[in-house]
Amino acid sequence: MLKLPKSCFLHIPKTGGTWVKAALEAARVPIRAINIGDNSHPGINYCPQDCHFRFSFVRHPLALYRSYWQYKMTVGWDDANLLDSLCSSTNFYHFVDKVVAHFPGIYSKNLQNYIGTPEHPIEFIGRYENLVEDLITALTLAGEEFSAPAIRNLPPINVSDKAMFSAEFSPGLLSRVSEAESELITRCGYAAKDYDY
């Protein structure tokens, strides 16, 4: 979580948060990291009391599954992480198949920790797929002072090797993930066309 002068950014893993931090620094927005114990990604309940505008980013579940697998194939699997220990595989299809079997809808379920419930949501939910412009929108709505050109000119960072670790969904697996993560897809207004195959 990052505390800005007038807002808070809640970092959901694999949704561009590393780039957002760099973009805020490039745009000269003062930030302070808030970690709770060993948790570098605290949820909405840990926002400071004086934070009246909270924002975060989500990502289409299909793209998130692919990004997570590519990241783990790049840096290695963590046996202390239950999902990693039960689902690790050098084969993308097998990895996703295990995730859907062991942790159906895990992304949708975990999101409430960051973006709240539909009845009590955070103030702004941006999309990874429109990260640059949605960050500018969030900062504008929050009333932050920042340099929009600095944000628009910052190149992508922390990107997994998509060429080395190709990850394609079969139609059946695509359907299973979409069904398991239907809560997020529906809540955030995603459609099949929003996923970059």
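Select strands E2 (residues 8-10) and E4 first: three bridges join them, and the two run parallel. Two strands are said to pair if DSSP finds at least two bridges between them. Helices (H or I, at least four residues) and strands (E, at least two) are DSSP runs, numbered from the N terminus. The model is a predicted one, in which local features need pLDDT of at least 70 and side-chain atom pairs count only at pLDDT 80 or more, while totals for chains, interfaces and linings use all residues. Residues are numbered from 1 along each chain as its sequence is written, and side-chain values use heavy atoms, with hydrogens and water left out.

**The sheet**

Now display Cys8, which stands opposite Arg54 in E4. On the other pairing of E4, four bridges join this strand to E5 (residues 124-127), and the two run parallel. Here Phe55 is found opposite Phe124 in E5.

Next, select strand E1 (residues 2-3), which pairs with E2 in the antiparallel sense over two bridges. Leu2 stands opposite Phe9 in E2. With five strands shown, the open sheet has the order E3-E1-E2-E4-E5, with mixed pairing. Its edge strands are E3 (32-33) and E5, each of which pairs on one side only.

**Strand E4**

Return to E4 (residues 54-58) and show its side chains. Five of its five residues are buried, where buried means under 20% relative accessible area, exposed over 50%, and partly exposed in between (1.4 Å probe, protein chains only). Which residues point one way from E4, and which the other way? Arg54, Ser56 and Val58 point one way, and Phe55 and Phe57 the other. In a regular strand the side chains alternate between the two faces of the sheet.

**Helices across the sheet**

Select H5 (106-115). This helix lies across E2, E4 and E5, and runs at about 160° to E4. Helix H6 (residues 131-142) lies across E4 and E5, at about 165° to E5. Axes are lines fitted to C-alpha atoms, for helices over the stretch in contact (heavy atoms within 4.5 Å). Angles run from 0 to 180 degrees between N-to-C directions.

**Helix H4**

Finally, select H4 (residues 92-102), in which Phe92, Phe95, Val96, Val99 and Val100 are buried. They lie on the same side of H4 because they cover an arc of only 125° around the axis; the arc is that of the directions from the helix axis to the C-beta atoms. The buried residues of H4 pack against helices H2 (61-75), H3 (82-87), H5 (106-115) and H8 (171-180).
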